[in-house]
Amino acid sequence: MKQSKRFIEASKLVDLTKAYEAQDAMKLVIDTATAKFDESVELHVKLGVDSRHADQQVRGVVVLPHGTGKVKKVLVIAKGAKADEATAAGADYVGGEEYINKIKNENWFDFDVCVTTPEMMGLVGRIGKILGPKGLMPNPKSGTVTMDVTKAVNEIKAGKVEYRLDKTNIIHVAIGKKSFGAEKLIDNYNTIYDAILKAKPAAAKGQYIKSVSVSSTMGPGIKIAAKM
């Protein structure tokens with residue numbers, strides 16, 4: 001793939017042989033984010049586990065102190081008092097079967113997170129094969145299958161993010177925007193990184209953190225010296 005002139009110029013600022021201290025890496029990711037829009041900043045953590053084994057999965061949720069810079073739209077599948085609760089909490093869409101059908105029949109995905117109550121999981125399960133591949137299927141582990149819909153909606157709106165391994169044993173997670181500045185990015189980085197460290201599976205053997213890097217939407221990857 002041909003690289004843009006902007007990317008080539010930004011890459012000149014990065015020493016690819018060096019692992020930077022986190023503070024320096026955050027300053028550098030801001031300097032290399034030269035696009036005309038407010039670029040997102042993403043963290044990439046490669047782990048020494050095998051995601052093919054259930055006992056080596058790494059997955060969790062954490063509320064970033066400064067959010068991600070993106071206002072997330074929340075769909076809550078609930079009925080009765082729980083639906084009223086979700087509306088009061090500020091959910092963008094609240095309903096039941098009508099939203100299941102809208103997703104199934106109209107390919108509607110104008111939401112970032114789906115929350116539901118345990119009693120509605122049978123209904124949501126009908127479209128599990130549609131939601132699952134998009135990472136939108138509610139899950140008790142991520143706090144999106146819950147009776148406390150107020151807490152779920154509030155945390156998502158406040159900047160809760162889910163992290164999970166992909167098939168190459170790497171976690172990719174947004175930690176903010178260029179406009180946050182280095183201090184807010186480092187706060188978010190420390191929060192998510194510490195959570196990943198604590199989530200180390202008992203079955204993991206050898207070196208747990210293989211590599212850590214950060215990059216902006218259009219910028220080059222910057223290695224971070226991993227703390228263990």
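A pocket is defined on a 1 Å grid over the protein atoms alone, as an open set of points where a 1.4 Å probe fits, with protein on both sides within 12 Å along at least five of seven lines. Grid points are joined across faces, edges and corners, and a volume is the space filled by probe spheres set on the points. The model is predicted: local features need pLDDT of at least 70, side-chain atom pairs count only at pLDDT 80 or more, and totals for chains, interfaces and linings use all residues. Residues are numbered from 1 along each chain as its sequence is written, and side-chain values use heavy atoms, with hydrogens and water left out.

The largest pocket holds about 730 Å³ of space. Its lining (residues with an atom within 4 Å of a point) consists of 27 residues, and Lys72, Asp112, Gly135, Val161 and Glu162 lie nearest the centre. At least two lining residues come from each of β1 (40-47), β2 (59-63), β5 (113-116), β6 (160-164) and β7 (170-177). Strands are DSSP runs of E of at least two residues, and helices are runs of H or I of at least four.

Two helix pairs follow, with axes fitted to C-alpha atoms over the stretch in contact and angles running from 0 to 180 degrees between N-to-C directions.

| Helix pair | Angle | Axis distance |
|---|---|---|
| α2 (22-31) and α8 (182-198) | about 125° | 9 Å |
| α3 (81-89) and α7 (149-158) | roughly 25° | within 8 Å |

The angle of α3 to α7 makes the two roughly parallel, a term for angles under 35 degrees. Their contact (heavy atoms within 4.5 Å) involves Lys82, Glu85, Ala86 and Ala89 of α3 with Val149, Thr150, Val153 and Asn154 of α7.

Note on methods
Parallel < 35°, antiparallel > 145°, perpendicular 65-115°, else oblique.
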